Amino acid sequence: MSEPILKATGIEKHFTAKRDFFGRPQTFLRAVDGVSLTVNEGETLGLVGESGCGKSTLGRCVLRLHDLTAGKVEFDGQDISKMSVAELRPLRRKMQFIFQDPYSSLNPRQTVFATIAEAIRVHGLLGNASREEEKERVADLLSRVGLRPEHMNRYPHEFSGGQRQRIGIARALAVEPKFIVADEPISALDVSVQAQIVNLMLDLQQDLGLSYLFIAHDLSVVEYVSDRVAVMYLGRVVELANASSIYDDSQHPYTQALLSAIPDPDPRRKKKRLVLQGDVPSPLDPPSGCTFHPRCPIAEKGRCDREAPPLREITPGHHVACHLV
Ligand code: SF4
C-alpha cells in the first residue's frame, strides 16, 4: 500500500459568528468539528455531503488556506499545522487547489500566458528562462489539458466554462504539484463537459502520479473518480470506506439516504427512496449527541440524542460513526 501524502488528525475549524460589546468572540460556527483522514500517494479520496456540511472548509484547512482551530495536518511527512507563510512557501507548489468557479478564479485582465507563467515565476521553476522558454512551457501545459498553444494569448472571457476549468487545471499543474484539492471542479459546468474534465483529471493522475481530494455533492461522480469516499455531515465524517463498499454496502443512515436519491438510469428498476425529515441543522447550534439524530429514521431515544458516536472501524478500512452499526 502507498504512503500517505496527507494526514489530517482531529481537524477543527470554528469561525466567530458573533462578538460581544467588547469585541470578544461569543458565538462560533463549527464548520469542521474533529475530522481525521488520510490521502495516500496516487489515490483519490472523494469527500461528499450536502451544501454547508464543511467539506470545502476542510479542503482549505488541509492546504492551510485557513488556519486551524485545532488538529494537525501532515503533508509529505512534515507537520504544516503551525508553519508560517514563509515556511509554507516551498511546500505550496506541491499542493494546489482547483476552484469550483473557474471564471472567478482567473484574473480577467491577464492572458492565459500571463496567468500560467506567473505561477511558474513565483516558484522560480524555470530559473532565468527567456520568454520563449516560458512560452514553450505554457504551450506544453495547454496541450496537456486539451487546449491549443495559440490559446495562451487570449483572455478568460473568450473561453467556455469547460475551457476555463482546463486553464485552471493547467495553472495548478504549472508548479508540478503532488497533491490537489479539487473543490467541486465540475459542478459549475454543463453536463456535457463534466465527463471530459473528470476524464482529464483521471488521465493526469495516471501520467503524473497525482493525489486528489475530490470534493463534490454528486455521489455518482465521486463513485466514478474515487478510490475511497468520506461522507461528511455537519462538520464530521460519518462514514469512510472504499468507493465500492460505500456504494454497495453503506452502513450509515445518512449515506444510505444520499445514495437512495441518485436517479437510476434503468426505469424498470424500482428503488426505495429514503427521504430525510427536516433541514440540515445550523452549525451555529448543532444538535446534542449524534448531530444526525433529529433526521435519522432509526435514532434511539436516550442514546443517540445524548452520546456522540465515534468513527469506528467496523470491517477493515470501513469506518462508521453510528451507535447502531
Ligand atoms: Fe442515527 Fe443514532 Fe446512528 Fe446517529 S447514532 S446515525 S442518530 S442511529
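Trainee: In this predicted model, does R24 count as buried, partly exposed or exposed, and what is its relative accessibility?
Mentor: A residue is called buried under 20% relative accessible area and exposed over 50%, with partly exposed in between. The side chain of R24 also meets that of D20 in a salt bridge, at 3.0 Å from N to O. R24 falls between the two cut-offs, so it counts as partly exposed, with a relative accessibility of 48%.

Trainee: Which residue forms a salt bridge with D76, and how far apart in sequence are the parts that the pair ties together?
Mentor: The partner of D76 is K178, and the closest N and O atoms of the two are 2.9 Å apart. D76 lies in the loop between β4 (70-75) and β5 (78-79), whereas K178 lies in the loop between α5 (161-173) and β7 (179-183), so the parts that this pair ties together are separated in sequence by 102 residues.

Trainee: Are D76 and K178 buried or exposed, or do they fall in between?
Mentor: The relative accessible area is 26% for D76 and 31% for K178. Buried would require a value under 20% and exposed a value over 50%, so D76 is partly exposed, and K178 is likewise partly exposed.

Trainee: Where do E134 and R121 lie, and how many residues apart in sequence are the parts they tie together?
Mentor: The side chains of E134 and R121 meet in a salt bridge, with 3.0 Å from N to O. E134 belongs to helix α4 (residues 131-144) and R121 to helix α3 (residues 112-122), so the parts that the pair ties together are 13 residues apart in sequence.

Trainee: Which of these two is buried, and which is partly exposed?
Mentor: R121 has a relative accessibility of 45% and therefore counts as partly exposed. E134 has a relative accessible area of 10%, so the buried one is E134.

Trainee: Which residues do salt bridges with shared partners join into one network, and how many salt bridges are counted?
Mentor: The network joined through shared partners is made up of R93, R137, D140 and E176. For the count, a side-chain nitrogen of Lys or Arg has to be within 4 Å of a carboxyl oxygen of Asp or Glu, and by this rule the number of salt bridges is 15.

Trainee: Which strands are at the edges of the open sheet?
Mentor: The sheet has eight strands with mixed pairing, in the order β6-β7-β8-β3-β9-β10-β12-β11. An edge strand pairs on one side only, and the two strands that do this are β6 (95-98) and β11.

Trainee: Which residue stands opposite V48, and which helix packs on the sheet?
Mentor: Strand β3 (residues 44-48) pairs with strand β8 (residues 211-216) in the parallel sense over five bridges, and the residue of β8 opposite V48 is A216. The helix touches β3, β6, β7 and β8, and its direction makes about 160 degrees with that of β8; this is helix α6 (residues 191-208).

Trainee: Is T291 buried or exposed, and with which residues is it in contact beyond its neighbours in sequence?
Mentor: T291 sits in the loop between α9 (253-260) and β11 (312-315). Its relative accessible area of 8% is under the 20% cut-off, so T291 is buried. Leaving aside neighbours within four places in sequence, its contacts are Y233, L234, R236, P281 and P286.

Trainee: How many residues of α9 are buried, and what do they pack against?
Mentor: The helix α9 is mostly covered, with seven of its eight residues buried. These buried residues, among them Y254 and L258, pack against α7 (219-225), β9 (228-233), β10 (236-242) and α8 (243-248).

Definitions and conventions. Residues are numbered from 1 along each chain as its sequence is written. This is a predicted model: local features need pLDDT of at least 70, side-chain atom pairs count only at pLDDT 80 or more; totals for chains, interfaces and linings use all residues. Side-chain values use heavy atoms; hydrogens and water are left out. Helices (H or I, at least four residues) and strands (E, at least two) are DSSP runs, numbered from the N terminus. Buried means under 20% relative accessible area, exposed over 50%, partly exposed in between (1.4 Å probe, protein chains only). Contact means heavy atoms within 4.5 Å. Two strands pair if DSSP finds at least two bridges between them. Axes are lines fitted to C-alpha atoms, for helices over the stretch in contact, and angles run from 0 to 180 degrees between N-to-C directions.
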